[in-house]
Every structure is written in C-alpha cells, then in structure tokens.
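Hi everyone, thanks for coming. Let me put the structure up on the screen, and then we'll walk through a few parts of it together.

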Amino acid sequence: MLTPSRRAVATTLIRVLGEGKRVPDGWDRKLSGADAGLAQAMLGLVLRRWGRLRAWSRPHLADPSRDLPLGTDIALALGLVQLAWLDGVAPHAAVHESVNLVADPELGFPPHRGLVNAILRKASKDRAVLRADLEALPAALDRGPFAEKLLAAATGPVEADPEALWARLQVPPKPAFVPLREEPLPEGMEADPEVPGAYRLQEGAPFPLAWLQFGAGMVQDRSSQALMAFKWDKEPQRILDVCAAPGGKATVLGRRWPAAKLMALEQQAARAERLKENLAARRVEAEVQVTEATAWLAGGGRPFDLILLDAPCSGSGTLQKHPELPWIGDGIDLRGLVLRQRQLLEAAALRLAPGGLLIYAVCSWLPEEGEAHRVWIQARVPGLKPIPVWEGPCAAEGGIAFRPHPLTWQGEGFQGFSFTRE
Ligand SMILES: C[S@@+](CC[C@H](N)C(=O)[O-])C[C@H]1O[C@@H](n2cnc3c(N)ncnc32)[C@H](O)[C@@H]1O
C-alpha cells in the first residue's frame with residue numbers, strides 16, 4: 001500500500017505534469033505534520049529537478065530513446081529524489097514505495113514494476129554517487145521555454161547572471177510575516193532589518209501556524225511588503241482595491257487608513273469568501289463586491305483617491321514558491337492576460353480622482369505585463385503623471401517604478417508603477 005504522502009505527491013505530479021495545472025492550494029492538507037513535511041520536500045525536489053531526473057533515467061533503459069509512461073517517470077523520479085537528497089528515508093523504503101506507486105493502476109503503469117525496481121535498487125547501492133551524478137547534469141535540463149523567457153526578462157534590464165538567478169530560484173523561499181495585533185511575537189520571530197514592519201523566522205524556528213490562524217499576523221512576501229510601503233502623505237477618503245483576494249494588500253491599506261472607505265473587488269466568488277474571512281479575522285473594515293472589475297469600474301460612480309491594481313498575471317515572479325511554473329508556463333495565455341491587464345488599468349485610471357494615487361503591480365518579470373503598460377497607459381489616458389512613491393532597494397526610475405533586483409533581493413519578482421492624475 002502506497003503511503004499517504006507519496007500518494008498525495010504522485011496525484012499532484014500527474015495534475016501538473018500530465019494536465020498542465022497548478023499545484024492546488026491545500027494539496028497536502030490531509031497529511032499529518034511529519035508526512036506533510038516529507039511530501040512537500042518530495043514534491044519540491046521532483047518539480048525542481050524533473051528534467052535531470054528524466055535525463056538520468058534514460059541511459060538505464062534497454063532502449064534509451066524510448067518514451068516512458070508518465071506514471072513510470074513519476075515513480076522513478078520520486079524514488080530517485082528520496083535516494084539522492086532525503087537522507088532520512090531508508091533506501092528500501094524509497095525503492096519499495098516507488099514499486100508500489102508504479103503498480104497502482106490509477107497512478108502508475110503496472111507492467112513497469114520490474115523496471116522501476118531494477119533501476120532504483122541499482123541506484124540505491126551508492127546514494128552519494130547518485131546524488132553527485134544528478135547534480136552534475138546541466139541545470140538547463142530543468143527548464144523549458146517559459147523558464148528561459150522569464151530568466152531573460154528578469155536579467156535583461158540589470159546586471160545579473162541568469163544561471164545564478166536560476167540557482168537562487170531553486171531554493172524554497174523563506175516566509176515573511178506582518179504582525180497585526182498587540183500580541184507577543186511567536187517563538188523565533190524577529191524583525192527583518194531591510195523591510196520596515198516585516199518579520200522573519202530565525203533558522204530552525206517553528207512555523208507559527210496557531211498565531212496565523214488566530215489572526216494575530218499574516219504571511220506576506222517581502223516584495224509585497226516593500227511595494228505596499230509606498231510613501232503617500234495625503235489622507236485618502238475613498239480607497240479601491242481592484243483585484244483584492246485573498247486580501248493581503250487590502251489588509252495593509254485598511255490598517256494604514258482606517259478612517260477611509262475601503263472597497264475591495266473580486267471576480268471569483270470562492271476567493272471573495274476567503275477575502276471576507278481574512279479581512280474579518282484581521283479586523284479590517286471593507287465593502288467587498290463580487291464582480292468583474294473592468295465592467296464595474298466602467299459602470300461609473302464617484303472617483304477614488306487611492307486605487308491599487310494588483311492585476312492577474314502569469315505569476316512568473318513566483319517561481320521560487322511555485323516550482324511547477326517551468327512545466328506549465330508555456331500553457332499560460334499571456335496575450336489574454338496582457339489584454340485584461342490593459343482593460344483593468346485603463347478602467348481604473350479613469351476612476352482616479354484628481355490628485356489621487358494609482359498603483360499598478362504584478363508578480364511577474366515579463367515586461368509586457370508591467371513596464372510596457374506604464375508607457376501605454378500614459379499615452380492612452382490624458383492627465384496621468386508618474387509620481388515617485390518608492391524609496392529603498394526596490395525603487396527604480398527615481399521612485400516612480402518598483403522593481404526589486406532579481407538576484408540581490410530576496411523576495412518574489414515584481415513590477416509596479418505609480419501615477420497621479422492632474
Ligand atoms: C494577484 S491576485 C490579487 C492578490 C491580492 N491583491 C492580495 O494581495 O492578496 C489577483 C486577484 O484578482 C482576481 N481577478 C482577476 N481578474 C479579475 C477581474 N477582471 N475582476 C475582479 N477580480 C479579478 C483574481 O481572482 C485574483 O483573486
């Protein structure tokens with residue numbers, strides 16, 4: 001019988017590698033603490049090294065040019081990552097579990113039981129050699145055209161070696177936190193010296209699940225925190241978060257200007273529910289509308305003094321957190337996203353009050369999702385004027401743009417820009 005952790009990993013890998021879908025939120029929810037930790041490690045390793053794991057297996061086949069069923073490749077990959085990098089897993093367990101996996105008619109390919117058993121048993125004889133052999137294979141095997149595109153986009157405008165960036169992106173990110181209440185900080189949490197108001201965990205400190213569940217704090221990437229630390233001295237009366245769920249940035253807006261009227265739009269009903277729950281747990285007052293924002297904005301009404309558009313995007317800047325991106329990115333409808341971003345941006349700009357602030361942001365490195373819109377919208381909507389609102393390491397172009405350095409900044413890849421209206 002396959003253990004629950006391996007079953008959860010195999011099911012998720014089939015979804016990503018077979019169906020081109022993202023790793024679903026909560027894919028490991030049913031696993032207990034230790035099992036969840038093992039499953040997360042296995043999934044991350046297979047996704048981050050999928051290209052080289054497959055390349056390693058091929059010379060071990062009687063016919064190396066032969067294609068293997070996905071279930072066989074997954075069983076081999078899962079066995080190999082345990083043998084090479086997870087010292088706590090006994091070799092016989094790694095081999096036995098992969099044989100169980102390939103023998104499962106729903107997940108594997110039962111005729112390949114013998115093949116998987118033979119390859120993994122041989123590999124288990126010297127785990128150090130296996131690890132060295134796998135690490136010696138070229139890193140470029142682990143990335144397809146989408147990954148190459150985002151590396152080029154991220155490193156194009158700055159001095160940064162794409163291989164060094166790729167290596168940085170292969171290490172799972174460290175979480176960053178925002179305390180929301182006057183509660184004692186959880187064990188091992190300390191201030192992040194580079195981002196005012198941000199907190200991080202000391203090495204080895206336990207993840208503060210109870211603290212987060214209690215609403216005493218939230219997880220928010222360092223880049224998002226730095227983006228939201230924009231300077232703005234005016235007191236906005238009416239604030240709009242155009243694409244608001246799950247509500248991290250709306251929380252920052254609501255806490256910073258508690259007297260303002262905050263509206264938060266979200267198209268997807270289930271995500272809007274989560275947004276409402278998050279805002280309530282964090283004691284942030286907002287009017288949440290479940291609606292398509294372009295049409296809602298175009299419907300007319302009073303202007304807003306501050307508008308945040310954290311637009312839907314490819315998420316190319318989140319590769320460190322989402323190692324499935326290199327394998328599903330080519331299926332992303334980039335042209336469709338760029339069009340939606342423009343529609344949202346124009347509709348938002350037209351609802352900005354004179355003297356107000358519009359912030360556009362995407363967690364992407366692709367210039368067509370960020371920088372290109374900055375130029376386009378200025379030509380499109382009369383009276384928009386860039387205004388400097390960022391300082392510090394992520395500020396670009398004198399503070400009118402937000403662009404964390406891909407290599408030296410530890411955080412998600414982001415692009416942002418700010419406008420006021422005359
Ligand atoms: C990048 S996420 C926003 C993250 C959020 N600002 C935060 O910090 O938690 C984009 C959100 O916009 C929603 N969305 C996408 N297109 C939309 C549209 N046309 N109208 C309203 N919401 C939309 C998505 O469902 C998603 O929840």
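Let's start with Glu 371, which counts as partly exposed because its relative accessibility is 25%; buried means under 20% relative accessible area, exposed over 50%, and partly exposed in between, with a 1.4 Å probe and protein chains only. Before going further, please keep in mind that this is a predicted model, where local features need pLDDT of at least 70 and side-chain atom pairs count only at pLDDT 80 or more, while totals for chains, interfaces and linings use all residues. Residues are numbered from 1 along each chain as its sequence is written, and side-chain values use heavy atoms, with hydrogens and water left out.

So which residue pairs with Glu 371 in a salt bridge? Arg 403 does, with the closest N and O atoms 3.3 Å apart. By salt bridge I mean a side-chain nitrogen of Lys or Arg within 4 Å of a carboxyl oxygen of Asp or Glu. This pair links distant parts of the chain, 32 residues apart: Glu 371 sits in helix 17 (residues 371-380), and Arg 403 in the loop between strand 12 (401-402) and strand 13. Helices (H or I, at least four residues) and strands (E, at least two) are DSSP runs, numbered from the N terminus. Arg 403 is partly exposed, at 30% relative accessibility. Salt bridges that share partners join Glu 371, Arg 374, Glu 397 and Arg 403 into one network.

How many salt bridges does the structure hold? There are 22. One of them joins Arg 222 to Glu 194, with their closest N and O atoms 2.7 Å apart. Arg 222 belongs to helix 11 (residues 222-227) and Glu 194 to the loop between strand 2 (189-191) and strand 3 (199-201), so this pair ties together parts that are 28 residues apart in sequence. Is Arg 222 buried or exposed? Arg 222 is buried, with a relative accessible area of 11%, whereas Glu 194 is partly exposed at 41%.

Another salt bridge brings together the side chains of Lys 261 and Glu 287, at 2.5 Å from N to O. Lys 261 is in strand 6 (residues 261-266) and Glu 287 in strand 7 (residues 287-290), so the two tie together parts 26 residues apart in sequence. Lys 261 is partly exposed at 36% relative accessibility, and Glu 287 is partly exposed at 31%.

Finally, let's visit Glu 422, in the segment after strand 13 (415-421). Glu 422 counts as exposed because its relative accessibility is 66%. Leaving out residues up to four places away in sequence, Glu 422 touches Pro 354, Gly 383 and Lys 385, where contact means heavy atoms within 4.5 Å. Glu 422 and Ala 353 are 69 residues apart in sequence, and 8.6 Å apart in space from C-alpha to C-alpha.
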